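I opened the model today to work through it chain by chain. These are my entries, in the order in which I looked things up.

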Amino acid sequence: MAVTFSNRLSALLPALVLTTVLACITQSAFNLAAIAPLSGGINPGDIVATIWFDLRHFSLTYAPIALINLSVVALVLYVLPATRRYWLAAMIGAALLYLMLLLINAIAPMPTLIAATRSTAGLISMLLCSSAGALCYVGLVQRRVVHG
Amino acid sequence: MVKQALLLAALSLSPAVLSDKVQSYQLTVLHSQLHYPWALVFLPDGDMLLTERSGTLKRLSGDGTERFSIRPQLPQLLQASQAGLQDIALMPDFAQNAGVVISYACGTLTANNTCLASAVLTDNGLSDIKRIFQAQPLKSGAAHFGGRIAFLPDNSLVLTLGDGFDYREQAQNPANHLGKIVRLNADGSVPQDNPFAGKPGYAAEIFSLGHRNVQGIFYDAPGQTLYSHEHGPRGGDELNIITAGNNYGWPVATYGIDYTGARISPFTTFTTMQDAIWGWTPSIAPAGMTLYRGELFPDWQGNIFVAALAAKSVSRLQLENRKVVSEQVLFTELKQRIRDVRSGPDGALYLLTDSDNGQLIKVTPAN
């Protein structure tokens, strides 16, 4: 059964939300992890409050990035049917985000726009968020193919 | 090319801000076509030395006439983004030796920091340029160099530094110079009474720590107080009273958030860390700063003036007992990013606007 544009769009939106939420939590985790040793630890209430803050504020910056990232992933999967494999979609999502971050940092006035990506661990974590979104997208599209 | 305009000061006050009365002034453009001017200092004979971030040092007469314009051969000068030539200050014994100190970004794009050089002012430029300090460690990126200089009564100097942007947590690391204010002798050596001199694990040059990007500092001799301000990220710009050995909190205690909207820290204050005496959220991007001790504007006597890049204005702060009691926003009619503000020996206020067609503007009373 053919996948319509509507099917793809309805798969893209949950993938976008998932990627953005994961990225916000990741961003919170890396900023808090950097502060914790300097402050003698962070209490659970501050951790929750920071994640909630980032979900409301960092998401506004990150959602457009994730939207472009996943849209390009969707386009690649559409144009190149051979790439419609879970592992390949995950790789494409991560690779595209990496290229986007290089471009953003080259254009932005500051050396690194997204603080979590200052470290290799943070960068890989953010790339994994993109991979998760790509996997979600492929999974939802496949499900719509199977279930109509 | 002197252009004069008579303008009335516009009071643009936030709800919590008061002012005594409207002070009228006139603005006179003394020099234009400056390329990102950064700092201004007055010579005893009434001339001025002016730096441009792009690496030029100019000597101007009191009316703005250019006496020379040179590109000093500063060792390893780095020019990129925020990096370049920064501040210049006269040594306390300038009358005897014509000595100056100059701050600038040095190194390469991938290995740089802030440097300090000494030199001798001559009729045609500078001679005997020697690098006397380089902040450590060398880091990547061309952001957050600090770079302001102030001399203290004992003839030592303080040099403000930045955190390098990507290295903000290092502002709390006492072993290096990132995010610190350092205190040096005029020859670059370390004063033995620095707060952490001889303490294992501490860089001996550190005077205070926990700063983000300090681009304004002066010593108020009558009040025996060292003031500085620093850029916050999104919000959290601060005015601080600097005391030897104190920790000013960045990035643990801040009212600012990341440019992306992410929270940097859950703390706005923190025990063992010094609170700011004034702050700006949203950010005004404070650049230069001066204490007005002139006679042309009696109402401004003892006020602090803070040049603001993002706010395109100058904040006039009135203090009582080392506390800010009111703020007045000035010179918004210029619609220009203001890089530096200085109190001249003639009682006028001098502004530098930040652009590739920057101006040196003199502020005098309207009458």
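**Chain A: contacts and make-up**

I began with the contacts in chain A between residues at least 6 apart in sequence, and 78% of them join residues at least 24 apart. The model is a predicted one, and I read it as such throughout.

I then listed the elements of chain A and found five helices and zero strands. From the N terminus on, the order is α-α-α-α-α. The C-alpha trace of chain A spans about 55 × 35 × 25 Å along its principal axes. I checked burial next: of the 148 residues of chain A, 39% count as buried.

**Confidence**

Chain A averages a pLDDT of 94, and 96% of the residues score at least 70. Within chain A, confidence is lowest in helix α5 (residues 120–147), at a mean of 92. It is highest in α2(A), at 98.

Chain B also averages a pLDDT of 94, with 94% of the residues at 70 or above. Over residues 1–21 of chain B, however, the pLDDT is below 50. This stretch still has 42 contacts in the model beyond near neighbours in sequence.

**Helix α3 of chain A**

I took α3(A) as a single element to inspect. It has 22 residues and reaches 32 Å from its first C-alpha to its last, close to the 32 Å expected at 1.5 Å a residue. I noted the buried residues in α3(A), among them A:Phe58, A:Tyr62, A:Ile65, A:Leu70, A:Val73 and A:Leu77. The buried set in α3(A) also includes A:Ser59, A:Thr61 and A:Asn69.

**Where chain A meets chain B**

How many residues does each chain give to the contact? I found 24 residues from chain A and 22 residues from chain B. On the side of chain A that touches chain B, the elements that give two or more residues are α1 (5–39), α2 (44–56) and α3 (58–79). Of these, α1(A) gives the most, with six residues. I sorted the residues on this side of chain A by type and got 14 nonpolar, seven polar and three charged.

**Two open sheets in chain B**

I traced an open sheet of four strands in chain B, in the order β3-β4-β5-β6, with antiparallel pairing. Why do β3 (37–42) and β6 (66–70) of chain B have one side left without a neighbour in the sheet? Both stand at the edges with a single partner strand each, so one side of each stays without a neighbour. The twist in this sheet averages 15 degrees from one strand to the next. Strand β5 (residues 57–60) of chain B pairs with β6(B) in the antiparallel sense over four bridges. I looked up one bridge there: B:Leu57 has B:Ile70 in β6(B) as its partner.

Strands β12 (residues 157–160) and β13 (residues 180–184) of chain B pair in the antiparallel sense over four bridges. B:Leu157 stands opposite B:Leu184 in β13(B).

**A hairpin in chain B**

I went on to strands β21 (residues 313–320) and β22 (residues 323–330) of chain B, which pair in the antiparallel sense over seven bridges. B:Arg316 has B:Gln328 in β22(B) as its bridge partner. The hairpin of β21(B) and β22(B) has two residues between the strands, and B:Asn321 takes a positive phi near 50 degrees.

**One residue: B:Ser343**

I ended on B:Ser343, which lies in strand β23 (residues 338–343) of chain B. Is B:Ser343 buried or exposed? B:Ser343 is buried, because 21 other C-beta atoms lie within 10 Å, and the cut-off for buried is 20 or more. Leaving out residues up to four places away in sequence, B:Ser343 touches B:Thr290, B:Leu291, B:Tyr292, B:Arg293, B:Gly294 and B:Leu349. I also checked B:Asp163, 180 residues from B:Ser343 along the chain, and the two C-alpha atoms are separated by 28 Å.

Definitions and conventions
Residues are numbered from 1 along each chain as its sequence is written. Chains are lettered from A and ligands numbered from 1 in the order in which they are written. This is a predicted model: local features need pLDDT of at least 70, side-chain atom pairs count only at pLDDT 80 or more; totals for chains, interfaces and linings use all residues. A residue is buried if 20 or more other C-beta atoms lie within 10 Å of its own, exposed if 12 or fewer, and partly exposed in between; C-beta atoms are placed from the backbone. Two residues are in contact if their C-beta atoms, placed from the backbone, lie within 7 Å. Ala, Val, Leu, Ile, Met, Phe, Trp, Tyr, Cys and Pro count as nonpolar, Asp, Glu, Lys and Arg as charged, and the others, Gly among them, as polar. The expected span of a helix is 1.5 Å times one less than its number of residues. pLDDT is the predictor's confidence in each residue, from 0 to 100. Two strands pair if DSSP finds at least two bridges between them. Axes are lines fitted to C-alpha atoms, for helices over the stretch in contact, and angles run from 0 to 180 degrees between N-to-C directions.
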